[in-house]
Amino acid sequence: SDHMENICGYLMKYTNLVTGWQYRYFVLNNDAGLLEYFVNEQSRHLKPRGTLQLAGAVISPSDEDSHTFTVNAASGEQYKLRATDAKERQHWVSRLQICTQHHTEAIGKNNPPLKSRSFSLASQGSANSPGVQRRPSQNAVSFFNVGHHRLPTGKRVPIIQPDHLVDVREMMSQAEGQQRDLIRSIECLPASGHLTSLDQDLLMLKATSMATMNCLNDCFHILQLQHASQQKGSLPAGTTISWLEPKISLANHFKNGAAQNFPAEINKPASVREEQSIAEPCQLTREPEEINPDEELEDICDDKEDDLGAVEEQRSVILHLLSQLKLGMDLTRVVLPTFILEKRSLLEMYADFMSHPDLFVAITNGGGPEERMIRFVEYYLTSFHEGRKGAIAKKPYNPIIGETFHCSWRLPKSSVAADAGTNSSAHSPSEQVAPPKDAEGQAEPDCYTVKFVAEQVSHHPPVSGFYAECVERNMCVNAHVWTKSKFLGMSIGVTMVGEGVLHLLEHGEEYTFSLPCAYARSILTVPWVELGGKVNINCAKTGYSASINFHTKPFYGGKLHRVTGEVKQNMTNTVVCRVQGEWNSVLEFTYSNGETKYVDLTKLSVTRKRVRPLEKQGPFESRRLWQHVTESLRDGDIDKATEHKRALEERQRNEERLRAETETPWCTKYFLKDGDGWVYHKPLWKTVSAAQTQQTDSN
């Protein structure tokens, strides 16, 4: 029922990371429009421990379970609460929503639209000047210019022409600027006095003005769609709408602690206009492209990443960002500041996990199932140092949907360890071994080629697929990764959801594996990165498995970047190898025969990848797509990098919105959906199987 009802009872309230959840006695006061809480029922006659004004609040049931909900007040304060069951949660949520709606509507009735008034906060003088003296009956809205324009009655609204849309866009820009000035003026008010920045009416005005601008933007977008449909008629699948202007971004009011300017389109650099005007990806060829490794050149790009160090200069940016985040909040849709970016895409980061291709190819050379599993564990643990660039606290670019990255490695066969080369402390990972001979005694070609391709197959959720193969050794790896990032207070956690499978076709073996979580720590002081979590590697055919633990640093004492693990035979439960050390420093492997081997990751030789020159890359290949952002970061021009990055993200949002409105599915280029995962369209295990079948038929 929709009647208002005073209710009270115990709920659990989340306080902070240290205290966690606590039982508190809550009272909904419908007459006053307040949600109050006390330590317990017996202290109800005392002053409340906390009070929330419900006018303008948002009551939201949580997605994390059926018991939790949040109360977000117009002041920005939030209560995260938990009922005993779903029924009790629904009762509280419905009563709170009814009370909130009643008092929000009452504000509108008690404060009808005012005649135009003006009040300049910039010229208000001291807090004791007459301009600041506030009568009790005077609402804060009366301090600002409020105007209303009505259409003449009886007149039909004409169809809006393109030039009118440009005029509307100009007025929208002006309104957005005025709204930004309003917010800045409110925030510049003193913290005490008759009119403060924390005045309830002013806080309400900030919230409603932002909501109004967002609503106007949505309306403007509808007009754009209407005009496009009139111009094009019906919208067939795959049709691209050329936007007159990208939708105004209201998400970020501050850039590096200062107010942003939204220059006119004509003043934008040509590269930004180019980024915004690239056609819808599905309009380009979505046919898989065969990359010729001979066109790829050894990568001469040497973008050394400096650690962030102390972030004093950007503290205002980080604090502004943190003020908008809630504990456990999903950061997938949050735009992070540009200064924390690495000069590479996430897809290229996955390629950098393959920077030791000699160890990768050496896996299949193992003399038996046990040795092959140990070699895979060795390769796996050595991949993170180069892939993560040590422990530098920067993040790669978030790939846009349809983005791809191609590269390859060529390595002399003499650099690949032969049989039985792993289980000896005398051998190093890069030991030079004579190239193997084929069945007729002739030497095979001098080099192995490892090819790599990655594609961003989904935007929400953000899923990447990557595939690498060495045809000469009949081995390949296919993986898909969904990056889920969450705000954890003074750190950010990234969970790598997904699975990879290594195929050793020569032996008929498949090794499934997962990836550890990553954490950005101390984000307000000197940020640093660590890996954490337990991962498993399994080979069902041989019965060998590996369990690896990436240990996060304890609050007191302990070592950084510690990793431990063991390889065992599942049938006999026998441990055949143990490993310990640091994933970005030195690893120690101890074998069942008592031998020990040390691998110093800082001294492992890195094989440079081979990449096509920019001029030969497609418009959605990572380096060409992000080239202007990368160049700006190299030059140290954060503002320019931010502008280029925003243009790419805005284009992606527009394209995603169009696909949703026209019900046009996204077409991937190299990867196909397979159950919950993604598989490369032409994996080596299929081509080898097809070749064997064809050979059998010919015989």
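**Figure 1. Overview of the chain in the predicted model.** Buried residues account for 47% of the 699 residues in the chain, and the model shown here is a predicted one. The secondary structure amounts to twelve helices and 28 strands, while the accessible surface comes to about 35200 Å², with 52% of that area belonging to carbon and sulfur atoms. Among the contacts in the chain with a separation of 6 or more, 62% are made by residues 24 or more positions apart.

**Figure 2. Confidence along the chain.** The average pLDDT of the chain is 76, and 69% of the residues score at least 70. Confidence is highest in strand 18 (residues 509-513), where the mean is 96, and lowest in strand 8 (residues 254-255), where the mean is 32. Two stretches should be read with this in mind: over residues 113-157 the pLDDT stays under 50, and the model has 56 contacts beyond four places in sequence for that stretch. Over residues 277-285 the pLDDT likewise stays under 50, and for these residues the model has 21 contacts beyond four places in sequence.

**Figure 3. The largest nonpolar core and a second, separate one.** The largest nonpolar core has 64 residues, and the residues with the most contacts inside it are Phe360, Leu381, Phe452 and Phe550. Helix 8 (residues 369-387) supplies the largest share of this core, namely eight residues. In soluble globular proteins, nonpolar side chains tend to be buried together.

**Figure 4. Close-up of Phe360.** Phe360 is one of the residues with the most contacts inside the largest nonpolar core. When its neighbours within four places in sequence are left aside, Phe360 is in contact with Met354, Tyr379, Val450, Met475, Val477 and Leu502.

Figure 5. Seven strands, in the order 4-3-2-1-7-6-5, form an open sheet with antiparallel pairing. Strand 4 and strand 5 (58-61) stand at the edges and each has a single partner strand, so one side of each is left without a neighbour in the sheet. From one strand to the next, the twist averages 35 degrees.

Figure 6. Strand 3 (residues 34-38) pairs with strand 4 in the antiparallel sense over four bridges. Within strand 4, Thr51 is the bridge partner of Glu36, and Gly50 is the bridge partner of Tyr37. Strand 4 (residues 50-53) has a covered face, made of Gly50 and Leu52, and an uncovered face, made of Thr51 and Gln53.

Figure 7. Lys451 lies in strand 14 (residues 447-458) and has a relative accessibility of 30%, so Lys451 counts as partly exposed. Although Lys451 and Ser408 are 43 residues apart along the chain, their C-alpha atoms are separated by 4.3 Å. Leaving aside neighbours within four places in sequence, Lys451 is in contact with Pro293, Cys407, Ser408, Tyr467, Ala468 and Glu469.

Terms used
Residues are numbered from 1 along each chain as its sequence is written. This is a predicted model: local features need pLDDT of at least 70, side-chain atom pairs count only at pLDDT 80 or more; totals for chains, interfaces and linings use all residues. Side-chain values use heavy atoms; hydrogens and water are left out. Helices (H or I, at least four residues) and strands (E, at least two) are DSSP runs, numbered from the N terminus. Buried means under 20% relative accessible area, exposed over 50%, partly exposed in between (1.4 Å probe, protein chains only). Contact means heavy atoms within 4.5 Å. Accessible areas come from the Shrake-Rupley method with a 1.4 Å probe; for residues, only the protein chains shown count as cover. pLDDT is the predictor's confidence in each residue, from 0 to 100. A nonpolar core is a set of buried Ala, Val, Leu, Ile, Met, Phe, Trp, Tyr and Cys residues joined through side-chain atoms within 4.5 Å. Two strands pair if DSSP finds at least two bridges between them. Axes are lines fitted to C-alpha atoms, for helices over the stretch in contact, and angles run from 0 to 180 degrees between N-to-C directions.
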